[in-house]
Amino acid sequence: MWTHPSSGAILLAVVASMGATGCTEAPDDTALTVFVASSLTEVAADLTDEWASTSGVVVELVAGGSNHLAAQVRDGAPADAFLTADADLFDDLERRLLVNQATDQTADHVPTAIHDLAINHLVVARPTTGPERRPADLRDPSLVLVACAAGVPCGDAAAARFGDLPVDSFEPSARAVVARLALDEADLGIVYATDVSAHAGLAPAWPQKPTCPCITYAAASLSLSGNPFVAFLTSDRARQILTKHGFVTGPTR
Amino acid sequence: MTRPPNAPRSVLVVAALAMAFLALPVLALLQRAPWSGLVDLLRRREVVQALGVSLLVSLTAAGIVLVLGTPMAWVLARVAVPFRRLVRTLVVLPMVLPPVVGGTALLFALGRRGLVGQWLERWFDVTLPFTTAGAVVAATFVALPFYVITVEGALRTSGEDLEQVAATLGADPLTVLRRITVPRLIPAMGAGLALAWARALGEFGATITFAGNLPGRTRTLPLATFQALESDPEAAVALSLVLLAVSLAVLLPTRHRWLPTR
């Protein structure tokens, strides 16, 4: 049994999810597989550690782009819960009745879905080695600007908030934008507020207040055994962990 | 199919299975193709744009491969290079290296904070990442080994007899190269170039890592296909068909010259 979500466990989960359309075995009671949007990678590790220490349930995390993970879930990947950065994807999954609807009977008002797990804001960031910028620099074509591609949650949110920008490269994930800035290959990048606070190599390009359009994370349980974990995500302890990582959580439910 | 006496049935069966394994995904792609809407899909601006970038990048890379790769293959085959085995291993390394790793290595070398790239920017005001030139660099990096090993193999199997005869008759080394070596090498150069060009056309990982992804500048057909898979799978299949058709159009005429000529 894995005692910790090791890379081996993640690899196994990925391999399983790649060819698992025919896999109908019931998931192991003592291990959960949770798919998380890549921008939640670090906070999800803390959340599942906390969950493991209180419930004794070991969680195997699979982090990736929300849209890729959603496609895997649609193809039958054995995930017990899904934390996505794209609420629309989530609605789509729910419409397809992949979100477990039958579980309210088994526990007292256990939420199988949380539509507003947390909020993350977009920040225009710069490498810490570069100079501080002004908002007008965002439209300066001589500066190298990178953003997420359309279809990726951070890309759609950036387009909704900033409109057309002289972007030099559309990256497949927020993490790829972070890497461009960390390597100092770009002057400006549109990333998540949580990424800026988590990476020493990144700083806000200028002082910015949290503004929407922004990202609302949603969580869904995809199996009976995923329900308690999703319910845990609404607890005060889980909200503390989310807040500690810079995510904005709503009023107590 | 008639069975020649030297072909055991078991070998034929395994070979047929291998053929089916290679052909099946292509057939599956054709079966999923949105044939009725195909023309409209292919006329879309982003498809035309990606095809243009792809042709520009892969043909330029093929030209550079020809110019750089021919001397390299000749030196590897004919000159007593010190540590030749090590050198040849380094030459073919990009063939086995994951392209994403290749792209990252290119960033460290030629990015604007890279080993050489920082001087390119400081002295010549040249930055390669996020430019079409950067996409050409990425494509050349992955394609060059295919050309070099094809041409080097042909040079080795063709031997040096004629060249030595020409030299004893008084031809200087450059004349030998021009009149004897290169003319005999042309079929292999064509085959190597076709392989290298096909590799450049299909290049994805090093391109997106080193050159980024911008329509009209660095978004090649494979990048556009990847992008379309997220939002518009039908367009992704259409783009794949374009890649398939362009590749077949170039590879089919060279089919007799795959192997180095003897």
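**Bend in α9(B).** I looked up helix α9(B) in this predicted model and found a bend of about 55° at Ile186(B). The bend at a residue is the angle between axes fitted to the seven residues ending there and the seven starting there. A proline, Pro187(B), follows within four residues. I then checked the span of α9(B), residues 173-202 of chain B. This helix has 30 residues, but its end C-alpha atoms are only 38 Å apart, short of the 44 Å that a straight helix would reach at 1.5 Å a residue. The expected span is 1.5 Å times one less than the number of residues.

**Ground rules.** I noted that residues are numbered from 1 along each chain as its sequence is written, and that chains are lettered from A and ligands numbered from 1 in the order in which they are written. Local features need pLDDT of at least 70, side-chain atom pairs count only at pLDDT 80 or more, totals for chains, interfaces and linings use all residues, and side-chain values use heavy atoms, with hydrogens and water left out.

**Chain B overall.** I read off 12 helices and 0 strands for chain B. Helices (H or I, at least four residues) and strands (E, at least two) are DSSP runs, numbered from the N terminus. The C-alpha atoms of chain B fill a box of roughly 65 × 65 × 30 Å, taken along the principal axes.

**α7(B) with α9(B).** Next I looked at what α9(B) packs against. The axes of α7(B), residues 132-158, and α9(B) come within 8 Å and cross at roughly 150°. Axes are lines fitted to C-alpha atoms, for helices over the stretch in contact, and angles run from 0 to 180 degrees between N-to-C directions. The two helices are therefore roughly antiparallel to each other; that term is for angles over 145 degrees, while under 35 is roughly parallel, 65 to 115 roughly perpendicular and the rest oblique. The crossing is right-handed, meaning that the near helix is turned clockwise from the far one by less than a right angle, with anticlockwise being left-handed. I listed the contact (heavy atoms within 4.5 Å): Phe146(B) and Tyr147(B) are among the residues of α7(B), and Leu185(B) and Met189(B) among those of α9(B). The contact residues divide into 16 nonpolar, 4 polar and 2 charged. Ala, Val, Leu, Ile, Met, Phe, Trp, Tyr, Cys and Pro count as nonpolar, Asp, Glu, Lys and Arg as charged, and the others, Gly among them, as polar.

**α3(B) with α4(B).** The axes of α3(B), residues 45-78, and α4(B), residues 84-96, come within 11 Å and cross at roughly 150°. That makes α3(B) roughly antiparallel to α4(B), and their crossing is left-handed. Met72(B), Val75(B), Leu76(B), Ala77(B) and Arg78(B) in α3(B) meet Arg84(B), Val87(B), Arg88(B) and Val91(B) in α4(B). I noted 6 nonpolar, no polar and 3 charged residues in this contact. In the loop between α3 and α4 of chain B I found Phe83(B), which has a positive phi of about 55° although it is not a glycine.

**α11(B) with α12(B).** Helix α11(B), residues 221-231, and α12(B), residues 233-251, pack at an angle of about 160°, with their axes 7 Å apart. They are therefore roughly antiparallel to each other. I recorded a left-handed crossing. Leu221(B) and Pro222(B) are among the contact residues of α11(B), and Pro233(B) is one of those of α12(B). The residues divide into 11 nonpolar, 3 polar and no charged.

**Chain A.** Last, I looked up a peptide bond. The one from Cys212(A) to Pro213(A) is cis, with omega near 15°. Pro213(A) lies in the loop between β9 (202-204) and β10 (215-221) of chain A.
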